Amino acid sequence: MSDAASLKRKAAEAAAAELTDGMNIGIGTGSTAEEFVRVLAGKVKDGFTMMGVATSERTEKLCRELGVPLKTLDELPILDVTVDGADELDGDLRLVKGGGGALLREKIVAFASTRMIVIADRSKKVETLGAFPLPIEVNGFGLTSTFMAIRRAGEKLGLEGEIVLRKSGDDPYITDSGHLILDASFGRIPDPEALDAALKAIPGIVEHGLFIKLADLAILAGEDGIETIE
Ligand code: 5RP
């Protein structure tokens, strides 16, 4: 296992230690969340009882391969906890997510959960969000209009930078819910709450990757141990 993968595994193991028998668990998307799925699968094999809700088709496939039991969010509309990764987080537990393209389902599942635990290696922690381009899930209808509205919203907040349509090879990337993603390289985002409100006012945006007031605990693995933020 590479050093990076072993840090992700350590964070995943620490999150698994927070779980209790019988929990309904939202399961995130991405390479760190996949380490969590592997840890969870080991616990299930050892007799741990739980039921999961996956935040993406990719996560669902891995859970099924490894024997992690799943239901849909409609079958389990209230979850005890969600464990998910992040592209960036700050000291106030504000996150940027969506690098893996699953931000809409991740946010719906996190919102349905009593508790959200973020797992990451410590390199994901930043002073100010924004080094990672902000993923914004948009409807394909009126894409140019939505693109321009996002640029205007950013400019009003002093945020400028390239906004690009995410691609998968030569084609636009399509999310599990059939939408497109625009990645906005705003640079530093000093006021994530203001950007959250401005983006929410644009009808063509389905959801964006700023997760504010959703995470309760971050478990960050570094070479010298685990750091937690809560
Ligand atoms: C997927 C996400 C992931 O949590 C985020 O991209 C982090 O992924 P990784 O653990 O592979 O770094 O938001 O939509």
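Colleague: Which is the crossing of helix 2 and helix 3, left-handed or right-handed?
Modeller: This is a predicted model, in which local features need pLDDT of at least 70 and side-chain atom pairs pLDDT 80 or more, while totals for chains, interfaces and linings use all residues. Residues are numbered from 1 along each chain as its sequence is written. Helices are DSSP runs of H or I, at least four residues, and strands runs of E, at least two, numbered from the N terminus. With a crossing called left-handed if the near helix is turned anticlockwise from the far one by less than a right angle, and right-handed if clockwise, helix 2 and helix 3 cross in a way that is right-handed.

Colleague: How is helix 2 set against helix 3?
Modeller: The axes (lines fitted to C-alpha atoms, over the stretch in contact; angles run from 0 to 180 degrees between N-to-C directions) come within 10 Å and cross at roughly 20°. Angles under 35 degrees count as roughly parallel, over 145 as roughly antiparallel, 65 to 115 as roughly perpendicular and the rest as oblique. So helix 2 and helix 3 are roughly parallel.

Colleague: Which residues of helix 3 make the contact with helix 2?
Modeller: Contact requires C-beta atoms, placed from the backbone, within 7 Å. Helix 2 brings Ala33, Glu34, Val37, Arg38 and Ala41. Facing them, helix 3 (57–66) brings Thr59, Leu62, Cys63 and Leu66.

Colleague: How are helix 1 and helix 2 oriented to each other?
Modeller: Helix 1 spans residues 3–16. Its axis and that of helix 2 come within 8 Å and cross at roughly 50°. Helix 1 and helix 2 are therefore oblique.

Colleague: How many residues does helix 2 give to the shell around the ligand?
Modeller: The ligand is surrounded by 18 residues (C-beta within 6 Å), the closest being Gly30, Thr32, Gly85, Gly99 and Gly100. Helix 2 (31–45) and helix 4 each supply at least two residues of the shell. The most comes from helix 2, and its number is three.

Colleague: Which residue of strand 14 stands opposite Ile119?
Modeller: Strand 6 (113–121) and strand 14 (217–222) pair in the parallel sense over five bridges. Opposite Ile119 stands Ile219.

Colleague: What is the bridge partner of Leu220 in strand 15?
Modeller: Strand 14 and strand 15 pair in the antiparallel sense over five bridges. A hairpin joins them through two residues. The partner of Leu220 in strand 15 is Glu227.

Colleague: Which residue of strand 12 is the bridge partner of Ile136?
Modeller: Strand 7 (134–138) and strand 12 pair in the antiparallel sense over three bridges. In strand 12, the partner of Ile136 is His208.

Technical notes: Pairing = 2+ DSSP bridges. Contact = placed C-beta atoms within 7 Å.
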